[in-house]
Amino acid sequence: MMKLETAAETPSCLKITDMIRDYAVIQALDSQLGSFCAFLRLSLWLVMTKQLQARRLDGIDHNPWVEFVKLASEADVVNLGQGFPDFPPPDFAVEAFQHAISGDFMLNQYTKAFGYPPLTKILASFFGKLLGQDIDPLKNVLVTVGAYGALFTAFQALVDEGDEVIIIEPFFDCYEPMTLMAGGRPVFVSLKPSPNQDGELDSSSNWQLDPTELASKFTSRTKALILNTPNNPLGKVFSRAELELVASLCQQHDVVCITDEVYQWLVYDGCQHISIATLPGMWERTLTIGSAGKTFSATGWKVGWVLGPDSLLRHLRTVHQNSIFHCPTQGQAAVAQSFEREQLHFGQPSSYFVQLPQAVQRCRDHMMQSLKSVGLKPVVPQGSYFLITDISEFKSKMPNLPGAADEPYDRRFVKWMVKSKGLMAIPVSIFCSVPHQKLFDHYIRFCFMKDESTLQAMDKKLQKWKDELRP
Ligand SMILES: Cc1ncc(COP(=O)(O)O)c(C=O)c1O
């Protein structure tokens with residue numbers, strides 16, 4: 001039988017708030033029913049003071065995103081925070097979705113649990129060529145609710161109580177709570193910038209792992225390493241040499257590589273995205289994750305996928321079957337048709353995967369130019385749709401921005417920037433483990449996947465800021 005906890009055993013703030021609320025409910029009942037039996041009151045009190053949340057949520061129930069996403073809704077703020085395009089997906093994708101909702105009425109019904117067959121088929125053939133594998137749509141592909149769903153399913157399927165998961169920071173922030181919820185232990189290793197010449201802009205390619213430090217993170221308990229290339233928030237695209245190092249350590253220590261490649265089409269300056277699953281000996285131990293939201297600029301569709309060997313995917317299917325079971329059919333049909341179109345145009349100037357990075361690179365260059373004008377120092381990203389920018393100068397000039405004394409500087413800076421400059425970004429310390437937040441608290445992240453009108457609105461705000469800076 002479940003043990004009832006008494007108030008003395010429940011120290012957390014959440015618990016106390018729950019108790020106050022529960023007590024108020026009892027009081028209300030009491031006044032309505034007159035002399036309510038004391039015994040009943042006592043037992044009700046005990047029943048309602050059980051620890052409500054599962055222990056796997058301990059330590060992860062506060063999420064700073066909630067606060068920062070809310071800030072973006074303040075009046076007259078240009079939102080360059082959360083990562084989504086504010087322009088429409090390509091016409092062929094929108095038409096595919098319209099066709100899915102108005103065509104075959106059976107697309108209103110459940111489809112196959114592991115993916116709508118035309119989608120698993122085209123994903124197998126499209127990515128089979130890219131990854132150099134003969135991909136079986138039934139065994140090597142799983143369709144999920146966005147890349148988020150793919151990540152969650154992977155962690156639940158592979159990470160056991162006490163297993164260690166190596167996370168390269170700064171990292172897409174859900175990797176840590178997903179490891180913890182699976183009972184695993186996150187082990188962090190930081191990308192560090194090499195010093196740049198005076199006046200020179202830093203580049204995300206200068207941010208590297210120390211090979212000795214990385215090797216030291218692998219132990220007999222290491223179950224998985226999570227890689228994200230192109231990386232959010234830094235925009236780093238891992239080079240072949242860096243991937244070879246990660247691959248050789250994964251093989252040496254028998255570790256699974258979960259690779260989040262949702263921004264694979266968004267690479268700039270002639271840079272090349274390399275999937276780690278294509279390196280010798282890696283397909284067998286790699287889960288490659290993708291997102292239609294990022295691929296077709298339609299983040300609300302929430303269609304994602306995982307590709308990998310059957311030996312790994314069979315465990316993800318068990319989780320999927322016992323949790324989500326089916327993903328929405330119409331979105332999958334639209335993504336299938338969009339990939340079919342892209343397969344026909346692959347590598348040609350008419351391909352969305354060719355046109356998109358060219359257009360987004362212009363947005364990146366526009367934003368970098370504008371940020372520099374007020375003394376911010378963007379780190380040039382080679383991929384993704386984010387860039388981080390160095391705010392060290394502000395940290396030394398305005399160290400005492402409002403906020404709690406222990407609140408990382410970048411969070412106070414973003415709140416100040418929203419309120420006084422009308423510009424929204426995301427503090428980079430959110431993407432770091434708590435012990436390392438101080439190392440990264442002089443950076444903020446901007447999303448440049450924005451319409452020209454948004455970038456112009458940003459320019460107006462920055463111009464005002466620049467005028468204030470003039471002596
Ligand atoms: C690195 C990374 N992985 C996964 C996701 C989630 O993708 P989806 O919207 O398909 O769930 C995001 C979204 O921002 C991301 O930045």
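Two strands pair if DSSP finds at least two bridges between them. Helices (H or I, at least four residues) and strands (E, at least two) are DSSP runs, numbered from the N terminus. This is a predicted model: local features need pLDDT of at least 70, side-chain atom pairs count only at pLDDT 80 or more, and totals for chains, interfaces and linings use all residues. Residues are numbered from 1 along each chain as its sequence is written, and side-chain values use heavy atoms, without hydrogens and water.

**View 1. The whole chain.** The protein chain holds 16 helices and 15 strands. Of its 471 residues, 52% count as buried; buried means under 20% relative accessible area, exposed over 50%, and partly exposed in between (1.4 Å probe, protein chains only). Contact means heavy atoms within 4.5 Å. Among contacts in the protein chain with a separation of 6 or more, 72% are between residues 24 or more positions apart.

View 2. S3 covers residues 164-169. Six of its six residues are buried, so S3 is largely enclosed by the rest of the structure. Glu164, Ile166 and Ile168 point one way; Val165, Ile167 and Glu169 point the other way. S3 pairs with strand S4 (residues 185-190) in the parallel sense, over six bridges. Glu164 has Arg185 as its bridge partner in S4. S3, H7 and S4 form a right-handed β-α-β unit. A crossover is right-handed if, with the strands pointing away from the viewer, the path from the first strand over the helix to the second runs clockwise.

View 3. S7 spans residues 222-228, and six of its seven residues are buried, so S7 is largely enclosed by the rest of the structure. Four bridges join S7 to S3, and the two run parallel. In S7, Thr222 is the bridge partner of Glu164, and Ala224 is that of Val165. Five bridges link S7 to strand S8 (residues 256-260), again parallel. Asn228 has its S8 bridge partner in Asp260. From S7 the chain crosses through helix H9 (residues 240-252) to S8, in a right-handed β-α-β crossover.

**View 4. Helix H15 and its cover.** H15 (residues 409-421) has 13 residues. From its first C-alpha to its last it reaches 17 Å, close to the 18 Å expected at 1.5 Å a residue; the expected span is 1.5 Å times one less than the number of residues. H15 is mostly covered, with 10 of its 13 residues buried. Among them are Tyr409, Phe413, Trp416 and Lys421. The cover includes helix H3 (64-71), helix H14 (392-397) and helix H16 (452-469). Gly422 follows H15, and its phi is positive, near 70 degrees.

**View 5. Lys461 in helix H16.** Lys461 lies in helix H16. Lys461 is buried, with a relative accessible area of 17%. Leaving aside neighbours within four places in sequence, Lys461 is in contact with Asp76, Val78, Lys421, Gly422 and Leu423.

**View 6. The largest pocket.** The largest pocket has a volume of about 1000 Å³. On a 1 Å grid over the protein atoms alone, a pocket is an open set of points with protein on both sides within 12 Å along at least five of seven lines, and lining residues have an atom within 4 Å of a point. Of the 44 lining residues, Asn63, Trp65, Tyr148, Asp173 and Cys174 are the closest to the pocket's centre. H7 gives the largest share of the lining, five residues.

Notes
1 Å grid on protein atoms, 1.4 Å probe; cavity = no way out; pocket = protein on both sides within 12 Å on 5 of 7 lines; lining within 4 Å. Points joined across faces, edges and corners; volume = space filled by probe spheres on them.
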